[in-house]
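This briefing is intended for a reader who is meeting the structure for the first time. It begins with the protein as a whole and then turns to individual places along the chain.

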Amino acid sequence: MRILIVEDELKMASYLRKGLMEASFRVDTAFDGKEGLFLALQEDYDLIVLDVMLPELDGLAVLRRLRAQKRTPVLLLTARDTVEDKVVGLESGADDYLAKPFAYAEFLARIRALLRRPLQSVDTVLAVGDMEIDLLRRRVRRGAARIELTAQEFALLKLLAERQGEVLTRAFVTSQVWDMNFDSDTNVVDVAIKRLRAKIDNPFEKKLLHTVRGMGYVMEERA
């Protein structure tokens with residue numbers, strides 16, 4: 001399989017390239033955002049490792065432009081590991097997020113996990129009942145009404161919509177949106193769901209976000 005590494009730290013790029021080649025991957029490298037975007041669009045890669053802080057064109061800009069044309073899996077690397085940074089990265093189209101410094105074993109495990117995933121649909125609009133979610137423009141509508149969401153609310157809605165019809169536990173939602181282990185004493189998920197529901201459901205007659213008592217939450221259109 002063929003991987004592109006876009007990383008401006010030469011020692012880091014060399015280290016990752018050497019490790020991946022030893023794991024039998026074919027590896028190309030780019031050291032700034034413009035070169036990385038050019039290669040990502042011109043060549044066919046199975047996966048792209050993309051640093052956020054890049055010269056010429058930052059990683060998030062590269063990612064957004066890439067997502068306008070391709071669905072190549074992307075592992076985002078960054079020294080910033082706040083929840084907001086992760087949400088922005090995932091909303092921009094990243095498939096996974098790894099904060100520096102990291103262990104190479106974890107890096108390789110995440111690479112292999114991403115390569116095992118089926119490719120996402122090229123469709124960039126999700127629909128649940130009368131609600132449409134534009135993933136590229138990050139816009140949400142129910143009928144003619146535009147709904148404004150925060151970055152975290154959008155990430156939560158995207159997760160629920162992509163898995164519509166599935167009951168998602170609080171632990172699963174926490175791990176996917178907040179990237180942390182679930183603490184039964186925290187109500188972060190319930191509070192986030194309440195805020196999201198106030199925007200996407202409460203003003204409308206038909207409800208799409210449902211609580212399954214004792215299990216979690218599900219998004220689906222019900223008769």
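Among contacts between residues at least 6 apart in sequence, 57% join residues that are at least 24 apart. The model under discussion is predicted. The protein contains eight helices and 11 strands.

**Overall form**

- The C-alpha trace spans about 55 × 40 × 30 Å along the principal axes of the protein.
- Buried residues account for 47% of the 223 residues in the protein.

**Surface and charge**

- The protein has an accessible surface of about 12000 Å², and carbon and sulfur atoms contribute 49% of that surface.
- There are 35 positive and 36 negative side chains in the protein.
- The centres of these two sets of side chains are 2 Å apart.

**Helix α7**

- Helix α7 covers residues 170-178, and its buried residues are Val173, Thr174, Val177 and Trp178.
- Viewed down the axis of α7, these buried residues fall within an arc of 100 degrees, so they line one face of the helix.
- In general, an α-helix has 3.6 residues a turn, so residues three or four places apart point the same way.

**Backbone features in loops**

- Most residues other than glycine have a negative phi, and most peptide bonds are trans.
- The peptide bond from Lys100 to Pro101 is cis, and its omega is near -5 degrees.
- Pro101 belongs to the loop between β5 (96-99) and α5 (104-116).
- Ser24, a residue other than glycine, has a positive phi near 80 degrees.
- The loop that holds Ser24 runs between α1 (10-22) and β2 (26-30), and Ser24 is exposed, with 66% relative accessibility.
- Glu56 is likewise not a glycine and has a positive phi, of about 75 degrees.
- Glu56 lies in the loop between β3 (47-51) and α3 (59-67), and its relative accessible area of 55% makes Glu56 exposed.

**Thr72, a buried loop residue**

- Thr72 is placed in the loop between α3 and β4 (74-78).
- The relative accessible area of Thr72 is 10%; because buried means under 20%, Thr72 counts as buried.
- Leaving out residues up to four places away in sequence, Thr72 touches Tyr45, Asp46, Leu47, Ile48, Arg67 and Asp95.

- Leu149 is located in the loop between β9 (145-147) and α6 (151-162).
- Arg139 is 10 residues from Leu149 along the chain, and the C-alpha atoms of the two are separated by 8.4 Å.
- When residues up to four places away in sequence are not counted, Leu149 touches Val140, Phe154, Leu157, Leu196, Lys199 and Ile200.

**Val128 in strand β6**

- Val128 is part of strand β6, which covers residues 125-128.
- With 0% relative accessibility, Val128 is buried.
- Val128 and Gly165 are 37 residues apart along the chain, and their C-alpha atoms are separated by 9.9 Å.
- Apart from neighbours within four places in sequence, Val128 is in contact with Ala161, Gln164, Leu208, Met219, Glu220 and Glu221.

Technical notes. Residues are numbered from 1 along each chain as its sequence is written. This is a predicted model: local features need pLDDT of at least 70, side-chain atom pairs count only at pLDDT 80 or more; totals for chains, interfaces and linings use all residues. Side-chain values use heavy atoms; hydrogens and water are left out. Helices (H or I, at least four residues) and strands (E, at least two) are DSSP runs, numbered from the N terminus. Buried means under 20% relative accessible area, exposed over 50%, partly exposed in between (1.4 Å probe, protein chains only). Contact means heavy atoms within 4.5 Å. Accessible areas come from the Shrake-Rupley method with a 1.4 Å probe; for residues, only the protein chains shown count as cover. Lys and Arg count as positive and Asp and Glu as negative; His and the chain ends are not counted. The place of a charge is taken as NZ of Lys, CZ of Arg, CG of Asp or CD of Glu. The arc is that of the directions from the helix axis to the C-beta atoms.
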